[in-house]
Amino acid sequence: MHDDHSEKHPGSTVSYVIGFLLSIVLTIIPLYVVLNHSFSNMILVYVIMIMAVLQFLIQLVFFMHIRESEEPHYNILAIALGIIFVFAIVAGSAWIMTFNSQVQ
Amino acid sequence: MQTQHFFIVGDPLILGADISIILVSAAIIFVLTYFKKWGWLWREWLTTVDHKKIGIMYFISALLMLFRGGVDALLMRLQLMFPNMNLLESEHYNEIFTTHGTIMILFMAMPLIFAMFNIAVPLQIGARDVAYPFLNAVSFWLFFFGALLLNLSFVIGGSPNASWWGYPPLSELTFNPGPGENFYILSIQISGIGSIATGINFLITILKMRAPGMRLMDMPLFTWSVLSSCIVIIAAFPVLTVALFLLFMDRFAGAHFFTMTHGGDPMMYVNLFWMWGHPEVYIVVLPAFGIFSEVVSVFSKKVIFGYTSMVVSLLLISVYAYFTWVHHFFTMGAGADVNTFFSISTMLIAIPTGVKVFNWLLTMYRGRIRMTEPMLWTLGFIVCFVVGGATGVMLSVAPADYQYHNSYFVVAHFHNVLIGGTVFGMFAGMTYWWPKIFGFKLNPTLGKWAFWLWNIGFYVCFMPQYALGFMGMTRRIYTYPDDMGWTPYNVVSTIGAFIMALGFVFQVWQIVYSAKRMDRDVTGDPWDGHTLEWSTTSPAPYYNFAVIPKVEGRDAFWKEKKKRSQPDYKPEKRELKPIHFPKNSGIPFIMGVCFFIAGFGLTFHWVWLGVIGLIGVAATLYARSFQYDTEYVIPVEEIKKTEAALGRDI
Ligand code: HEM
Ligand SMILES: [Cu+2]
């Protein structure tokens, strides 16, 4: 809080706007294909997942300035941990919930 | 909505609460006005961004919530004391175990650990404040107004009754049309935002604001434990936020994420809830581990045994915590391979925890032990937690869990680890850091009474419940027939609960008595401490350290003291510099009020009020974004004056 970090804000307005637009587009696509039942259920799930991963990358690059930090150690560690956790949530839930299809 | 549904008036218990709330509020308002304290309250507390004061406010709120949750507990235990009791009806019992669980975990344990974060971490790492002091105040006020919202449900609209899990379909609109579950969802959401912010704030504080020379592996173990706890907060709380948001969409907007019809899946809620719920128990117990490590080392006059293995096991637990959640629903019926995986991952957690227990024991081994109150709580914890841990391993065996599940065995187990771990841990921290926060020690005699009452009461209350579990008593039942053979155990258990309540009374007495009678601590180091918080005065000045300490290695202050006692020691002349300091701000408080208004409106489906509240939130965010002049400079003169008044010459 003491030194003036405010001066060296990385990123520019342009990159923020691009990131914002991209993330909106990536939100609209899955919504659109789901609302219109454009594909079979299985494919819909994959479309949503792919869009989510792209969204994740957009956020990291355009808003979190992943490429511009001075201390890459923390970043890499944090992202690795984040990916492990997200993987646990998504893959774990998918695995646990497979019992549902056997029951029905 | 009709008024008699809005204000709960039928029940004499609640009517009594209504009246006492009104009387207490009136008394507070009167006292503040009479002594002209409104300005003081606003300037010194409501707008503060000082981590020490925020810590105190967390602490007071947590004690109040412990009282509320404790009264709930006593009511439940009275109802269960004898068969066919008529104290509480079934609906009322449901509401009480729901609010008891929700309050104890989210509005008692969480603020209590946050109190300790705030009180100790910046001082331990030689920093003047947290990384984001303003955000810290926001966190507190979101917690505060979240807690207020939940407690309001008691007198307005009706309490939630679907347990602290809020499982659908019971928590869905079809089965729970009243506002109770909305109170539950929205109050947790509001305080949850604050918790995530606290997690981020302290992670950054620890990574970025350590005093020069303090490497990660030099940090005190409490700081390490906060770091691991923050990692878990950041990873787990968003999952709860999402789960509750989807549930809210079901209730508010007619979605079907978790309904039984239209393709919803209630089990997905259970899955998401425990993805947060299991890590949550580590969030609240890891800081306790940290406190015990500090206390054991200081009161054995030794450095902690196995520092590195302590750090590694903390970090391992914080990652492992994420891979065990299914043990809460082994009985859901997922395949044998799922249950086996999570069974084994749960057992594995016992290993790093066991490592820690042995390290504590080995630290005490051949130490010069001082039986102070923090040390007593630590010893009480070790015994209690070993019992709780052992029953935890019993529960982790999936096939056996089919027997234990939903029985009093589980109730006994989690109170064993929550009270023995978190609550005892925070009491150890409270008595240990009390002189640092308030400038005087707590009276040890009354403290010992409190300790023994809590400890004896604990075993008397919860050991019979293990037996009750084996005898088939299921949790969350509000009464039972007299031919079950459960009565003697329940009588004993209820007596134990009242012994603990007496322990709490002794603690309140201890605090009041000590405030009047105990001597001021003028040394700043009443326990002969090892870490930096003891190097400044008690209480610390608002800027914490006149000169930021330089650190070489672990237990920095202990080393410094040893150096000072050498005959050839020459004190280093250190120069005072002006300090940049954050200004107080009323915005966090106002933002909390706005969130509260929004939450209250949405609870009753008054969309207009919800919108007004959310606009208020946006306005406070906007106002803050365009505030540039948020710091001021403390001149050297003022630092000198403050230090002189505290009896330190620089
Ligand atoms: C101080 C003494 C305490 C007593 C006598 C007590 C007693 C009880 C009782 C009687 C129940 C209801 C059991 C049932 O009907 O199934 C209960 C549930 C619970 N308690 Fe406590 N409790 C105490 C402290 C705590 C603390 C400190 C915590 C947490 C930090 C806690 C967390 C819970 C939770 C999470 C539940 C489950 C609520 C639910 O079923 O939804 N309790 N407790
Ligand atoms: Cu668990």
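**Reading two ligand sites**

Guide: This is a predicted model.

Visitor: Which polar backbone atom lies 3.1 Å from an oxygen atom of ligand 1?
Guide: That backbone atom belongs to W164(B).

Visitor: How many residues surround ligand 1?
Guide: A residue is counted when one of its heavy atoms lies within 4 Å. Here the shell has 23 residues, and the closest are Y93(B), H100(B), W164(B), H415(B) and R476(B). By class, 16 are nonpolar, 4 polar and 3 charged.

Visitor: Which helix gives the most to this shell?
Guide: Helix α5(B) does, with 7 residues. At least two residues each come from α4 (51-81), α5 (90-124), α14 (408-438) and α16 (487-517) of chain B.

Visitor: Which residues coordinate the copper ion (ligand 2)?
Guide: For a metal, one looks for the donor atoms. The copper ion is coordinated by ND1 of H278(B) and by NE2 of both H327(B) and H328(B), at 1.7 to 2.0 Å. Along the chain, these donors follow the spacing H-x48-H-H. The pair H278(B) and H327(B) links distant parts of chain B, 49 residues apart: H278(B) is in helix α9 (residues 266-299), while H327(B) is in the loop between α10 (307-320) and α11 (336-364).

Visitor: Are H278(B) and H327(B) buried or exposed?
Guide: Both H278(B) and H327(B) are buried.

How values were computed:
Residues numbered from 1 in each chain as written. Chains lettered and ligands numbered in written order. Predicted model: local features only at pLDDT ≥ 70, side-chain atom pairs only at ≥ 80, totals over all residues. Heavy atoms only, no water. Donors = N, O, S within 2.8 Å, 3.2 Å for Na, K, Ca; no water. Helix = DSSP H or I, 4+ residues; strand = E, 2+ residues; numbered from the N terminus. Buried < 20%, exposed > 50% of the residue type's maximum accessible area, 1.4 Å probe, protein only. Polar contact = N/O pair within 3.5 Å; in protein donor to acceptor, adjacent residues only side chain to side chain. Nonpolar A, V, L, I, M, F, W, Y, C, P; charged D, E, K, R; others polar.
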